[in-house]
Amino acid sequence: MASVWIAGAGMTRIGRRGEALPDLMAEAAHTALSAALVETPDAIVVATMNPEEFLGDGNFASRIATHMGFAEVPALRVETATSSGAAAFYTGFAQIAAGLHRRVLVVGGEKMTHLSTPRVSELIGRSIDPYERSYGATMPALAGLITRALTQQGVGLREFSQVAVKNHAHAARNPYAHYQQPVTLAAVMESRIVADPLRLLHCCPISDGAAAVLLTAEPAPVRVAGVGQGTDTLAVRHRHALTSFRATQEAAKAAYAMAGFGPERVDFAELHDAFTPFELIALEDTGLVPPGKAGRATLDGDTSLDGRLPINPSGGLKARGHPLAATGVAQIVECVWQLTGSASGRQVEGRVALAHSIGGLATNNWVTILERHPSGRA
Amino acid sequence: MIESIAASKCPRCATVVAPPAPYCPRHPIAMTPLEIQGIGEVVTFTTLHSPPEGFRSPLHIALVELEEGARFVCHGSETRGLKVGATVAIEAIDNVYYFSHLGTLDRARIFWRRAGRAGDRMNAIARSLAKRVLKGRTRA
């Protein structure tokens, strides 16, 4: 299989944005293209989770390609719920690895803040099993069920609250993040209950934004070392386990197998912390910390910007924000910027980065491993 | 009376799912229908304070493991005092499944709450009466 490289990365500031989604996606895409010194890609892969409902727009690959001035470039759209950005990245990767194209633009975005919170919640909730939804299950409700099961295994409120404190502290140093303010442990632990035992500040915000990367067949500063997909039952009640996600474990296994190395070589990671307990689950499912140790590692500061294994230097979904299909790409953009020394204010040291994205309630997950070019910051 | 719940079983891996499904989630094999008893152990539960449209806040949701390992999502009238591992009965009221040891008062409360959701104003007085009775019980 041919090597695939990332030659350019770009993203918009995440948050409440007044611009239309095509404008946000064009901004991210043109930034990635100019960083790669490429005017026109051979192909475009677009990720949006649900523009039909959020915006009332369909045929979105053509919509975006035409809007950006690429009406004559082949474009397609990929969707795996909240991990659509990572799935689009995989699709672009596969196109180059298979020799179908040499330069592929991957762009993900979502616009949500113009709708009311209950409406957004309902639209995201459509990725849940219909029977569970008929009982009022939303993403926070299912995350609440999972968090309760975690606490039964000894994970404490302080541990998953500290994840929020840490990720807000990181975001406060990231000009692209939705939240620029740190939060205290007390504020997190005393925020209002959303789905017991989950509180408001354990949950990611509703955000707008877009992110893009330019993948190439020619050597560039960052190499894609491995990409893996993992899946599980749509219904949470059909799962064998609640406190670990098979979809993450299988995605990680596949990504490590492709990379030819394991979690011991990973220097930092962007993990899907839509709900802060999920960061603890992901830390263990990806093998970055041993089973049962994620809470301790977090409280000890191991996963902070200055820790042994920085997790979510961008602020994560929790504080950078979670514009659905933008997120999977935004995680990769952060990893590229970190690996190439361009994450000023929050720079960490490392040669190998891991990005982890959850689709639905962990039904369709992705793990992507990136490696800095051996020659340094090419 | 213990309710009987429709379920289905995979002939290959013996997974039981409720409600019944045409195919096993993990095998492309038609499932065999069966009935299981509506009694099981609480696996996990939550109380949702911002439920979606059509549901009242707070919304109590539990995941209950029935016999043969089938896990079932249901509502409850309350999660206060509920413990993971507790044995609960599942009963259908108005085609919706609820967990708990349903006494007469619980039944009445659930019935009135659902009637209220349908927008039946006539129930308002009866509901407030039931609430008063329940509040009295909570204090005691």
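Colleague: How many residues of chain A are in contact with chain B, and with how many residues of chain B?

Modeller: Happy to look at that, bearing in mind that this is a predicted model. Contact here means C-beta atoms, placed from the backbone, within 7 Å. By that criterion, 25 residues of chain A meet 23 residues of chain B.

Colleague: Which element gives the most to the side of chain A that touches chain B?

Modeller: The elements giving two or more residues to that side are α5 (117-125), α6 (130-134), α7 (139-152) and β5 (193-195) of chain A. By class, the residues of this side are 12 nonpolar, 8 polar and 5 charged. The top contributor, with 7 residues, is α7(A).

Colleague: Turning to chain B, which strands stand at the edges of its sheet, and why is one side of each left without a neighbour?

Modeller: The open sheet has 3 strands, paired antiparallel in the order β2-β1-β3. In chain B, β1 (residues 4-9) is joined to β2(B) by 2 bridges, and Ser8(B) sits opposite Val17(B) in β2(B). Each edge strand has a single partner strand, so one side of each lacks a neighbour in the sheet; the edge strands of chain B are β2 (16-17) and β3 (32-37).

Colleague: Back in chain A, how is α4(A) oriented to α14(A)?

Modeller: Residues of α4(A), including Ala88(A) and Phe89(A), meet residues of α14(A), among them Val329(A) and Ile332(A). This contact has 8 nonpolar, 4 polar and no charged residues. The helix axes are 5 Å apart, at an angle of about 60 degrees. That angle makes α4(A), relative to α14(A), oblique.

Technical notes
Residues are numbered from 1 along each chain as its sequence is written. Chains are lettered from A and ligands numbered from 1 in the order in which they are written. This is a predicted model: local features need pLDDT of at least 70, side-chain atom pairs count only at pLDDT 80 or more; totals for chains, interfaces and linings use all residues. Two strands pair if DSSP finds at least two bridges between them. Helices (H or I, at least four residues) and strands (E, at least two) are DSSP runs, numbered from the N terminus. Two residues are in contact if their C-beta atoms, placed from the backbone, lie within 7 Å. Ala, Val, Leu, Ile, Met, Phe, Trp, Tyr, Cys and Pro count as nonpolar, Asp, Glu, Lys and Arg as charged, and the others, Gly among them, as polar. Axes are lines fitted to C-alpha atoms, for helices over the stretch in contact, and angles run from 0 to 180 degrees between N-to-C directions. Angles under 35 degrees count as roughly parallel, over 145 as roughly antiparallel, 65 to 115 as roughly perpendicular and the rest as oblique.
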